[in-house]
Amino acid sequence: MNSQVKEKWIAALRSGEYEQGDGKLRTRKGYCCLGVLCDLYSKENAWDWEFRGDDETIHLPMDYWYFDEESEFLPISVMEWSGLKTNCPEVNVNTDAYEGDYDLIANLNDAGYSFDALSNIIEEQL
């Protein structure tokens, strides 16, 4: 991962500027950790989020935004900018709080890992 982008991502996750959400990159509730990375890209590259409203396919009132045609994982533009090789990095989570060895970082976000905990994982593993 690009070290400068990584530092910005960690700082943003720890800043308290972003409310944490789950299930999508960005919702009314907040941002997934990957959504925070997309938002950093948007600020540096003048790329706007596109609001698309409720997800009627799952019949739940969950308003959300798309970023470069993606709503759940990193678009190629953000992957290339950040130097990540995948749209959702897999990390080692072999801890007492989690029973698996590896999982996607978005799954950890959705499982309730705090932005602070996720920033530590990013700092150590990506």
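# Close-up views of a predicted model

**Figure 1. The largest nonpolar core of the chain.** Among the 35 residues that form the largest nonpolar core, those touching the most other members are Trp 9, Cys 33, Leu 34, Val 36, Leu 37, Leu 74 and Val 78. At least two residues of this core come from each of helix 1 (3–14), helix 2 (33–45), helix 3 (76–82), helix 4 (105–110) and helix 5 (115–125). Helix 2 contributes the most, with seven residues. The model shown here and in the other views is predicted.

**Figure 2. The chain as a whole, for orientation.** The chain has five helices and four strands. Read from the N terminus, their order is α-α-β-β-α-β-β-α-α. Of the 126 residues, 45% count as buried. Taking contacts between residues at least 6 apart in sequence, 51% join residues at least 24 apart.

Figure 3. The cut-off for a disulfide is 2.5 Å between the sulfur atoms. Seen from Cys 33, the closest cysteine sulfur is that of Cys 32, again at 4.1 Å and too far for a bond. The count of disulfides in the structure is zero. Both cysteines are buried: Cys 32 has a relative accessible area of 2%, and Cys 33 has a relative accessibility of 0%.

Figure 4. The structure contains seven aromatic pairs. In one of them, Tyr 31 and Trp 49, the ring centres are 6.0 Å apart and the planes meet at 70°, so the pair is edge-to-face. Tyr 31 sits in the loop between helix 1 and helix 2, while Trp 49 sits in the loop between helix 2 and strand 1 (50–55), so the pair ties together parts that are 18 residues apart in sequence. Are these two residues buried or exposed? Tyr 31 is buried, at a relative accessible area of 14%. Trp 49 is buried too, with a relative accessibility of 14%. Ring pairs also join residues into a cluster, made up of Tyr 18, Tyr 31, Tyr 41, Trp 47, Trp 49, Phe 67 and Trp 81. Elsewhere in the view, Arg 26 lies over the face of Trp 65, at 4.2 Å from the ring centre.

**Figure 5. The buried side of helix 5.** Which residues of helix 5 are buried? They are Phe 115, Leu 118, Ser 119, Ile 121 and Ile 122. These residues lie on the same side of helix 5, because they cover an arc of only 160° around the axis. The parts of the structure that cover them include helix 1, helix 2, strand 3 (90–92) and helix 4.

Figure 6. Leu 25 is part of the loop between helix 1 and helix 2. Leu 25 counts as buried, at 0% relative accessibility.

**Figure 7. The loop between strand 2 (60–66) and helix 3.** Pro 75 belongs to this loop. Pro 75 is buried, with 1% relative accessibility. Setting aside residues up to four places away in sequence, Pro 75 touches Cys 38, Phe 67, Asp 68 and Glu 70. Pro 75 and Cys 38 are 37 residues apart in sequence, with 8.3 Å between their C-alpha atoms. Asp 68 is in the loop between strand 2 and helix 3 as well. Asp 68 is not a glycine, yet its phi is positive, at about 50°. Asp 68 is partly exposed, at 25% relative accessibility. Glu 69 lies in the loop between strand 2 and helix 3, and its phi is also positive, near 70°. Glu 69 is exposed, with a relative accessible area of 52%.

How values were computed: Residues numbered from 1 in each chain as written. Predicted model: local features only at pLDDT ≥ 70, side-chain atom pairs only at ≥ 80, totals over all residues. Heavy atoms only, no water. Core = buried A, V, L, I, M, F, W, Y, C linked by side-chain atoms within 4.5 Å. Buried < 20%, exposed > 50% of the residue type's maximum accessible area, 1.4 Å probe, protein only. Phe/Tyr/Trp six-rings, centres within 6.5 Å; stacked < 30°, edge-to-face > 60°. Lys NZ or Arg CZ within 6 Å of the ring centre and 35° of its normal. Arc of directions from axis to C-beta. Contact = heavy atoms within 4.5 Å.
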